[in-house]
Amino acid sequence: MAKFVAGKIVYALVCLVAAVLLVVAGYAHKVVGLTTEVGKGIAIPNSPSVGAMNILVMGLESRTDYQGHELDHHMQVVLHSGSNGSQDTNTLILIHIFAGGKKAVGFSIPRDDLVTFPQKYLGFSEGKIDAAYAWAYTQYLNEHATEARTDRYLHANQAGQAATVATVESVTGVKVNHFVEVNLAGFYYLAQAFGGIEACLKPYPGNNGLNLTDHDPFMGTFNSGFDAYQDGYNKAKGGAQYLHLSPAQSLAFVRSRDTLPGTDLGRTKRQQAAIDYVIWELKHEGMYSDLAKMNSLLTTAGKYLITDSTFNLLDFAPSMGALTGQSLNFTTLPFTPEEGVSVPGYPAPQDLNVIDVPQIQQIVRNAFDPQPSTPGKNPTGKANTAAPALPSSSVTVDVYNGNPAAAGLAGQMSQALVAKGYKAGTVGNASAQSQTVLPGTQVFYGAGASANADQIAVQFGAKATALAALPADHVEVLIGSTVSQVPPGIASASTATAGTQSTGAQVIGTQTAASAAPKPTAPATAGAGSGGTGDAVTVAPSARFGIPCVY
């Protein structure tokens with residue numbers, strides 16, 4: 001299973017940010033060239049480049065450029081990649097940018113999700129979601145062997161883009177307005193242009209600090225080559241420390257996963273920390289006015305980055321100038337893992353994820369298009385006969401954790417709900433209550449608390465259920481076995497510092513969180529923000545380099 005794509009997501013987003021800042025700074029002519037160079041993807045009709053929009057970011061496993069040329073031996077060594085690889089989209093993130101460009105929310109779509117494709121590729125209608133691109137790409141190459149090389153590979157990539165966009169739309173239930181696609185070498189070139197990146201790293205107590213390198217002593221692997229000690233981490237001092245990473249180690253930092261808490265979840269948090277740093281660097285260190293560096297970044301983009309041909313960066317950029325690291329919120333869509341499943345099209349039984357498509361679509365809709373409730377009215381506009389929501393301060397919420405891999409998540413969920421105005425109830429593991437744990441989170445309520453329970457349940461894509469055993473004015477949240485984070489609609493205010501902006505998810509409860517003063521960042525150790533398993537990565541305004549400390 002390949003592990004070489006995480007950094008490319010950072011590269012894609014940063015190229016967008018670079019384009020935004022160049023326009024804002026008055027260098028629009030540079031973006032014209034970038035748009036011409038990278039806008040060679042498929043067209044997506046009727047998609048705005050201004051206002052609210054959904055952008056799909058795809059990271060390919062490919063070890064080739066878009067003309068089908070393999071990376072040279074030097075790059076294979078630097079990237080720890082080898083020469084073999086396919087066109088699988090091992091990383092997919094669907095991002096909704098709210099109108100005005102000041103905030104965004106994104107969902108990572110796990111690569112092993114088992115899906116039904118909108119049409120057959122290579123004769124198969126079902127497979128892992130990461131195969132949609134690769135199978136459509138291969139099918140095109142097989143059917144057009146005599147086409148000129150440059151056109152053939154361009155069109156094969158376009159076939160993969162169309163397949164992936166259609167598949168993501170069918171799973172999430174929302175239209176993809178634009179996409180940004182990157183392959184393997186992009187982040188390395190980004191890090192070179194920056195002279196490396198800054199990171200704040202802390203040892204994970206759950207595995208005695210094994211996360212400080214990518215060496216997995218249990219599996220005997222050292223996939224990315226990341227080693228914090230090589231980069232200056234002081235083992236005797238311990239704790240969170242700031243490190244300057246070389247370009248190669250910057251790539252290794254965002255590729256590592258095997259020794260991180262939550263594996264792919266932990267890697268996503270490192271990835272977001274890298275995005276936060278690059279946004280800070282671009283905005284605070286004047287890099288956008290250093291045309292030599294910007295040219296270094298954007299000149300390589302054509303080989304390793306493609307957008308849809310209808311994505312107008314000149315229109316998009318001015319409205320995005322206010323986007324900051326504090327206003328980005330990423331989480332992972334839920335799934336149920338299964339091992340050793342036989343799937344047509346694969347040579348051996350597969351480890352894959354079973355997903356609940358209606359639940360996923362509900363979660364995405366709630367986050368991307370929050371609908372404020374109208375007191376006393378139902379969706380038909382008629383008066384409600386159901387009891388209105390109680391003041392949140394009069395409702396007690398118990399939280400139980402049904403995911404053993406997300407230690408501490410019940411406490412984080414409870415704190416987030418308290419920040420919304422609810423009273424803290426029992427916090428514990430699922431074994432302390434009587435209901436069966438399911439993959440998704442369940443919400444139960446006692447007499448009088450049905451409306452409040454509905455407001456909480458919608459954040460999980462669930463429907464609240466009455467439970468006679470619960471006392472009056474009580475709600476119970478039973479975290480699902482695949483849930484690893486506080487959902488954005490709950491976390492946006494409760495986990496944020498004074499400088500963090502809401503993602504626009506539907507408000508629950510009747511009280512907003514009080515503003516908290518940002519915790520000062522120690523000059524050489526602990527940075528602001530959190531990066532443990534299950535919690536959201538947030539950045540305080542005072543954070544050094546604009547980054548959180550992560551595992």
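This is a predicted model: local features need pLDDT of at least 70, side-chain atom pairs count only at pLDDT 80 or more; totals for chains, interfaces and linings use all residues.
Strands S7 and S10 pair in the antiparallel sense, and five bridges join them. One of the pairs can be named: Glu-198 has His-244 in S10 as its bridge partner.

On its other pairing, strand S7, residues 197-201, runs parallel to S20, and two bridges join them. There, Cys-200 stands opposite Cys-549 in S20. As a reminder for those new to the subject, strands of a sheet pair through backbone hydrogen bonds, in either the parallel or the antiparallel sense.

Is S10 largely enclosed or left open by the rest of the structure? Four of its five residues are buried, so S10 is largely enclosed by the rest of the structure.

I now turn to a second sheet. This one is open as well, with five strands in the order S16-S15-S19-S17-S18 and with mixed pairing. At its edges are strand S16, residues 423-429, and S18, each of which pairs on one side only. Within the sheet, S15 and S19 are parallel partners over six bridges. Val-399 stands opposite Val-477 in S19.

Two helices lie across strands of this sheet. Helix H13 lies across S15, S16 and S19, and runs at about 160° to S15. Helix H14 lies across S15, S17 and S19, and runs at about 170° to S17.

How many of the eight residues of H14 are buried? Six of them are, so this helix, residues 450-457, is largely enclosed by the rest of the structure. The buried residues are Ala-451, Asn-452, Ala-453, Gln-455, Ile-456 and Ala-457. What do they pack against? Their partners are strand S15 (396-401), helix H13 (409-419), strand S17 (442-445) and S19.

The next topic is a pair of helices. Helix H4, residues 131-143, and helix H5, residues 149-172, pack at an angle of about 145°, and their axes are 7 Å apart. Their crossing is right-handed. From H4, the residues Ala-132, Tyr-133, Ala-136, Tyr-137, Tyr-140 and Leu-141 take part in the contact. Among the residues they meet in H5 are Tyr-153, Ala-156, Ala-159, Gly-160, Ala-163 and Thr-167. By class, ten residues of this contact are nonpolar, six are polar and one is charged.

Thr-89 has its place in strand S2, residues 89-97. Is Thr-89 buried or exposed? Its relative accessible area is 0%, so Thr-89 is buried. Leaving aside neighbours within four places in sequence, Thr-89 is in contact with Met-58, Gly-59, Leu-60, Arg-111, Ile-129, Asp-130, Tyr-133 and Thr-164. Of these, Tyr-133 belongs to H4 and Thr-164 to H5, and both take part in the contact of the two helices.

Most residues other than glycine have a negative phi. Asn-46 is not a glycine, and yet its phi is positive, at about 55°. Asn-46 is found in the loop between helix H2 (28-38) and strand S1 (53-60). With a relative accessible area of 77%, Asn-46 is exposed. Asp-473 is the second case, with a positive phi of about 60°. The loop that holds Asp-473 runs between strand S18 (465-466) and strand S19 (474-479). Asp-473 is partly exposed, with a relative accessible area of 30%.

Let me end with the protein as a whole. How many helices and strands are there? The protein has 15 helices and 20 strands. Of its 551 residues, 57% count as buried. The accessible surface comes to about 21300 Å², and 54% of that belongs to carbon and sulfur atoms. Lastly, among contacts with a separation of 6 or more, 74% are between residues 24 or more positions apart.

Methods: Residues are numbered from 1 along each chain as its sequence is written. Side-chain values use heavy atoms; hydrogens and water are left out. Buried means under 20% relative accessible area, exposed over 50%, partly exposed in between (1.4 Å probe, protein chains only). Axes are lines fitted to C-alpha atoms, for helices over the stretch in contact, and angles run from 0 to 180 degrees between N-to-C directions. A crossing is left-handed if the near helix is turned anticlockwise from the far one by less than a right angle, and right-handed if clockwise. Contact means heavy atoms within 4.5 Å. Ala, Val, Leu, Ile, Met, Phe, Trp, Tyr, Cys and Pro count as nonpolar, Asp, Glu, Lys and Arg as charged, and the others, Gly among them, as polar. Accessible areas come from the Shrake-Rupley method with a 1.4 Å probe; for residues, only the protein chains shown count as cover. Two strands pair if DSSP finds at least two bridges between them.
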